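Please read them beside the sequence and the coordinates.

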Amino acid sequence: MQPGVDVCEVPGKGFGVVATEDLPKDAVVIAEPPLLAVPGLEALRAGVAAEFPALSQSLRSESMRALNERCAASTTIVRACMAAMAELSPKERTDFLALGDAFSYVPGEVRLGSWVRIEMAPESHLELQNQQGAVVAKDCDSIIVEARGVHVELASEAVRVLLNK
């Protein structure tokens with residue numbers, strides 16, 4: 001951590017990082033490398049935001065949540081994230097998947113863009129048993145998961161959600 005900040009208890013809030021002196025507005029307080037870097041993600045996000053300009057105009061939590069949901073529904077972004085996750089070591093992937101969704105996490109909910117483990121692969125795709133992939137399509141009765149470059153139709157109960165984005 002940088003000089004001029006400290007970790008201390010904030011009454012009624014728990015622990016937090018607080019300034020102990022005036023800081024320049026562009027001061028870096030905490031910096032750490034990302035667990036997952038997706039090349040070109042900001043450009044892809046900007047494209048989704050351009051499709052939904054009303055969402056990108058505000059930084060309020062509800063607008064950001066809605067924009068994040070639109071981005072998670074973009075197959076282009078889902079594929080870019082899948083490619084980046086495939087490059088992670090098993091430990092890095094576990095650390096990344098341990099992170100939660102700050103806006104709307106419902107344990108076990110299968111959503112478009114969810115990162116899942118296939119726990120009941122169909123007989124036609126037994127090689128996908130226990131493989132990880134992303135939900136790229138969803139309707140009332142089934143989902144389509146892309147894993148190892150293969151699209152497979154499954155019941156929601158056939159997968160375990162590892163990460164909702």
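1. Of the contacts in the protein chain between residues at least 6 apart in sequence, 49% link residues at least 24 apart; a contact means heavy atoms within 4.5 Å. This is a predicted model, in which local features need pLDDT of at least 70 and side-chain atom pairs count only at pLDDT 80 or more, while totals for chains, interfaces and linings use all residues. Residues are numbered from 1 along each chain as its sequence is written, and side-chain values use heavy atoms, with hydrogens and water left out.

2. The protein chain has 5 helices and 7 strands, in the sequence order β-β-α-α-α-α-α-β-β-β-β-β. Helices (H or I, at least four residues) and strands (E, at least two) are DSSP runs, numbered from the N terminus.

3. Of the 165 residues in the protein chain, 30% are buried (under 20% relative accessible area, with exposed over 50% and partly exposed in between; 1.4 Å probe, protein chains only).

4. Strand S5 (residues 143–147) is mostly covered, with 4 of its 5 residues buried. S5 pairs with strand S4 (residues 132–138) in the antiparallel sense over 4 bridges; pairing requires at least two DSSP bridges between two strands. Ala 137 has Ile 144 in S5 as its bridge partner, and a hairpin of 4 residues joins S4 to S5.

5. S5 also runs antiparallel to strand S6 (residues 150–154), to which 5 bridges join it. Val 145 stands opposite Val 152 in S6. The hairpin of S5 and S6 has 2 residues between the strands, and Arg 148 there takes a positive phi near 55 degrees.

6. How do helix H1 (residues 41–51) and helix H4 (residues 75–86) cross? Their axes come within 10 Å and cross at roughly 165 degrees, which makes H1 roughly antiparallel to H4. Axes are lines fitted to C-alpha atoms, for helices over the stretch in contact, and angles run from 0 to 180 degrees between N-to-C directions. Angles under 35 degrees count as roughly parallel, over 145 as roughly antiparallel, 65 to 115 as roughly perpendicular and the rest as oblique.

7. At this helix pair, Leu 41, Leu 44, Arg 45 and Val 48 in H1 meet Thr 76, Ile 77 and Ala 80 in H4.
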